[in-house]
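Come along while I look things up one at a time.

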Amino acid sequence: MFRPAITGTGVFTPPNVITNAELVTAFNAYADRVNAENAPAIAAGEMEPMQHSSEEFIVKASGIENRYVMDKTGVLDPAVMHPLLRQRDDDEPGIMTEMAVDAAKRALEQAGKTAADVDAVICAASNLERAYPAVAIEIQQALGIEGFAFDMNVACSSATFGIQAAADMVRSGSIRSALVVNPEICSAHLEWRDRDCHFIFGDVATATLIERIEDAKGPHFEILSTRCATQFSNNIRNNNGFLRRSRPDGMKDRRDMQFMQNGRKVFKEVLPMVSQHIADHMAAEGVANTDLKRLWLHQANKTMNDFIGKKVLGREPEPGEQPNILQDYANTSSAGSIIAFSQNSDDLTEGDLGLICSFGAGYSVGSVIVRRHMS
């Protein structure tokens, strides 16, 4: 059995930023249009008017201040309210491939490795731009990697599930290394016309290189243990899919074809599930909460992360112990915990322990316990 390690990470950040102020202006203009178009029904009490959003509401509900997106023109147009991404020819690299390749090259550079050192690519994301061929295989070709590649989807837990799959393959000896890439274009499945969720998501891509520890060329994180769990729930759902056109009214503009959640039930049910999952994982590995130097959580909601951090550590987290990046990136689905890890791990020293955790639709939760090594 071999010992797997994270030797490099990379983050691709889209060029466009949408501030809360911009988002609120666009949403309120859309709400005014809807209310004007339906003024008679509203006046007759047959329809409730759309409420305005506000910056204060968004920050209080989520802790989010900005988000990066691949396109902001369509999102901020009250007549469109979704990203406008050009149709690409089949011979062109897909947009997810472009994002993932950028992040992957950064991870390889950090690890001091090249494509020739990689045996496998796992594209793990909450949504994939097509059914087949696998986006992972396109990424593999774009990077010039031999071996194999495959896609996987466990919604917001995709990154940690992908890391477990890669670590298991490295541990067994079937491969020496793997790239887990998480290109997330969450702006495309978010319903920007829904006041309750229009602020939640942003776009990003992350990459994580997992290798045999003896192949590490510099500072790295040994993967001591991984654990995944799932429990079915409809409280986070998207009903879009290839069967859509086969069903009555399938191609109509339907709310259930975008991101939907019952936020209160998610909050009530996911928090204890995740907290217990982490506690059980740590106990099984003999890791006390006093041993943990860093907690890199899924970036969905600041209140949720603060609750989990306090539960896991048994106290209020100190500044930096449980870093949040969602104020800048918003919820980036599977990529969030990897952004937090990539941007808030260099300061750890030899022997320090940390835990990466992501959770979301499914329900699903994945955790990775790591130990820092400086050489």
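This is a predicted model: local features need pLDDT of at least 70, side-chain atom pairs count only at pLDDT 80 or more; totals for chains, interfaces and linings use all residues.

Before I look at any pair of strands, I note that two strands count as paired if DSSP finds at least two bridges between them. With that in hand, I looked up S1 and S8: they pair in the antiparallel sense over two bridges.

Entry: I then followed S8 to S13, where the pairing is antiparallel over ten bridges. There I picked out Ser-225, whose bridge partner in S13 is Ile-369.

**Entry: the whole sheet.** Which order do the nine strands take in the open sheet? I read it as S5-S4-S6-S7-S1-S8-S13-S12-S11, with mixed pairing. Strand S5 (148-152) and strand S11 (292-297) stand at the edges with a single partner strand each, so one side of each has no neighbour in the sheet. From one strand to the next, I noted an average twist of 25 degrees.

**Entry: S4 and S6, and the helices there.** I looked up strand S4 (residues 120-124) and strand S6 (residues 177-185), which pair in the parallel sense over four bridges. Cys-123 stands opposite Val-181 in S6. Helix H5 (residues 135-143) lies across S4, S5 and S6, and runs at about 140 degrees to S5. Helix H6 (residues 158-172) packs on the sheet too, and among the strands it touches are S4, S5, S6 and strand S7 (203-212). The direction of H6 makes about 120 degrees with that of S8.

**Entry: a pocket.** I turned to the second largest pocket, which has a volume of about 730 Å³. Which residues lie nearest its centre? They are Ile-200, Gln-261, Gly-263, Arg-264 and Asn-301, out of 31 lining residues. Elements giving two or more residues to the lining include helix H3 (55-62), helix H7 (263-284) and helix H8 (302-313). H7 gives the largest share of this lining, five residues. Sorted by class, I have 17 nonpolar, nine polar and five charged residues in the lining.

**Entry: stepping back.** Along the principal axes, the C-alpha atoms fill a box of roughly 70 × 55 × 35 Å.

Methods: Residues are numbered from 1 along each chain as its sequence is written. Side-chain values use heavy atoms; hydrogens and water are left out. Axes are lines fitted to C-alpha atoms, for helices over the stretch in contact, and angles run from 0 to 180 degrees between N-to-C directions. Contact means heavy atoms within 4.5 Å. On a 1 Å grid over the protein atoms alone, a cavity is a set of points where a 1.4 Å probe fits but cannot get out, and a pocket is an open set with protein on both sides within 12 Å along at least five of seven lines; lining residues have an atom within 4 Å of a point. Grid points are joined across faces, edges and corners, and a volume is the space filled by probe spheres set on the points. Ala, Val, Leu, Ile, Met, Phe, Trp, Tyr, Cys and Pro count as nonpolar, Asp, Glu, Lys and Arg as charged, and the others, Gly among them, as polar.
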